[in-house]
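Thanks for coming, everyone. I'll take you through one model today, contact by contact. Here it is.

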Amino acid sequence: MRCLSMIILAIAASLAHGESLQAIIDRAEPGATVLVPSGTYGPIRTDKPIRLIGQDWPVIDGGGVSDCVVLVGGQSEIRGFVIRNSGDNLDKESTGLRVMGRSAIIENNRFENVLFGIDLKSAPDCVIRGNIIGSMPLDVARRGDALRLFRSNNCLIESNTIEDGRDALLWYSNKVIVRNNISRRNRYGFHMMYANDVTLEGNDISENSVGIYLMYGRNFTIRNNRLHKNRGPSGYGLGLKEIDAYRIEENVLTGNRVAIYVDGSPLTRKPGKAFIEKNLITCNDAGFALLPAVKGNRIGGNTMSDNVEQVAVLGRGAVGGNDFSGNYWSDYTGYDADRDGIGDQPYAARRLFESLIDTEPKLRLLIYSPAHDAIEFIGRAIPAIQPEPKFADPSPLMRPQDVPAISARLSRAMVYVAALLLVLPISIVLLLLPRRQNHSKTGPSQSLVGVRS
């Protein structure tokens with residue numbers, strides 16, 4: 001600790017004598033650790049491996065001109081800083097932190113009033129962990145990306161909070177793990193383009209225009225994420241466009257305009273490569289929205305509960321060629337005579353009003369109106385005018401399925417609720433007990449006399 005204090009005092013003394021933080025970094029040896037005391041410093045740039053460790057949240061201020069921090073040398077580390085006030089020129093892509101070297105560690109920093117947040121360019125093997133990444137208070141189209149990886153493979157993005165930015169974009173970046181992050185009030189929570197072998201798990205993604213959007217890649221694992229209230233013009237919780245080989249499982253999708261949108265996926269249409277299983281999809285405007293040409297998906301073991309439209313087809317025709325067997329449907333009206341947990345009649349999506357809004361989306365304005373109810377009544381009363389089913393589940397489940405991601409949370413919550421329900425009545429009894437004892441001293445007759453008077 002004494003040696004650490006001496007280093008900090010030495011840097012503080014240098015700064016007090018007018019030497020800039022940039023000058024201290026320039027004369028540091030490659031691989032050195034620079035401990036930066038609290039204070040406000042100008043923009044910095046490194047061209048060698050170096051560790052920058054902030055003490056008591058020093059501020060690196062870009063002065064509203066250009067980039068705040070640029071790490072060019074590989075194997076650099078920066079942690080414990082407030083990085084703020086980059087330039088606001090989209091043409092220059094002014095950035096809070098730009099990395100152009102491999103194996104950087106960016107940990108526990110706060111980004112405030114920056115156009116782009118963290119930008120990795122050809123920077124593989126980096127770790128981005130525990131940062132709070134904000135943006136500038138601009139119209140969403142004028143903001144930069146809160147997080148952007150370009151040709152940066154084998155990176156870990158973990159436990160960050162990304163809010164009020166534009167996109168978190170992975171572009172031509174393979175073998176990236178995105179884990180336990182919070183994304184809210186952005187345009188795209190996470191946007192993958194031409195990225196392969198990507199895993200997203202344990203993320204909480206809410207109030208964006210689009211939660212997760214996957215485009216033109218292969219080998220995705222989307223697991224244990226919570227995607228809710230993504231309701232922009234697109235409003236997808238999860239969007240799949242022309243991707244191949246994916247497993248989407250044990251996610252919770254609720255309150256989105258469309259929970260899962262599928263366009264041209266899987267790209268090769270080969271069975272056994274695309275799985276959407278064991279997800280909780282509830283209280284969305286549409287649970288699934290698929291183009292009619294989509295084929296090759298295995299969609300099973302999902303709980304489809306209380307969505308306005310369980311499956312929407314965005315065009316004419318059915319969605320044949322996908323395996324929808326073995327899901328729970330909250331609007332299933334069949335029965336289970338042999339009590340094996342599987343409905344004895346198929347679930348068939350053939351509502352008349354749903355068929356109408358699939359071909360004319362403006363009719364959604366009439367949902368739950370008397371016109372909606374009248375059309376549905378006519379469709380049930382006159383089977384001849386019912387449309388052909390959009391799809392069928394030949395073995396619908398009679399009970400909702402557990403999603404491990406929320407089962408563990410619910411079990412912990414239930415412990416707290418049970419403890420509260422146990423303690424609360426005991427506390428009330430203990431509070432009331434002295435009053436009852438006082439009333440017993442006066443006797444019942446005295447108490448009654450007091451009431452009458």
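Let me start with a definition: a salt bridge is a side-chain nitrogen of Lys or Arg within 4 Å of a carboxyl oxygen of Asp or Glu. Now the ground rules. This is a predicted model, so local features need pLDDT of at least 70 and side-chain atom pairs count only at pLDDT 80 or more, while totals for chains, interfaces and linings use all residues. Residues are numbered from 1 along each chain as its sequence is written, and side-chain values use heavy atoms, with hydrogens and water left out.

Salt bridges, then. The count comes to 31. I'll show three of them.

Aspartate 167 and arginine 187 meet at 2.7 Å, N to O. Strands here are DSSP runs of E, at least two residues long, numbered from the N terminus. Aspartate 167 is buried, at 5% relative accessible area. Arginine 187 is partly exposed, at 31%. The cut-offs: buried is under 20% relative accessible area, exposed is over 50%, and partly exposed is in between, with a 1.4 Å probe and protein chains only.

Next pair. Arginine 98 bridges to aspartate 67, with the closest N and O atoms 2.7 Å apart. Arginine 98 is in strand β9 and aspartate 67 in the loop between β5 (59–61) and β6 (69–71), so parts 31 residues apart in sequence are tied together. Arginine 98 is buried at 8%. Aspartate 67 is buried too, at 16%.

Third pair. Arginine 247 and glutamate 277 form a salt bridge at 3.4 Å, N to O. It links strand β28 (residues 244–249) to strand β31, with the two residues 30 apart. Arginine 247 is partly exposed at 31%, whereas glutamate 277 is buried at 16%.

On to strand pairing. Two strands pair if DSSP finds at least two bridges between them. Strand β1 (residues 33–36) runs parallel to strand β4 (residues 51–54), joined by 4 bridges. Valine 36 stands opposite glycine 54 there. β4 also pairs in the parallel sense with strand β7 (residues 77–79), over 3 bridges. In that pairing, leucine 52 has isoleucine 78 as its partner.

Now asparagines. What does the side chain of asparagine 203 reach at 3.1 Å? The backbone oxygen of valine 178. That side chain also reaches the backbone nitrogen of asparagine 180 at 3.2 Å. Asparagine 203 is in the loop between β22 (196–201) and β23 (204–206). This residue is buried, at 2%.

Two other asparagines have positive phi. Asparagine 85, at about 60°, lies in the loop between β8 (82–84) and β9 (95–99). Asparagine 219, near 65°, is in strand β25 (residues 218–223). Both are partly exposed: asparagine 85 at 22%, asparagine 219 at 33%.

One cis peptide to flag. The bond from serine 265 to proline 266 has omega near 0°. Proline 266 lies in the loop between β30 (258–263) and β31 (274–277).

Last, cysteines. How many disulfides does a search of the whole structure find? It finds 0, a disulfide being a pair of cysteine sulfur atoms within 2.5 Å. For cysteine 126, the nearest cysteine sulfur is that of cysteine 155, 4.7 Å away. Cysteine 126 is buried at 1%, and cysteine 283 is partly exposed at 45%.

Key: Polar contact = N/O pair within 3.5 Å; in protein donor to acceptor, adjacent residues only side chain to side chain.
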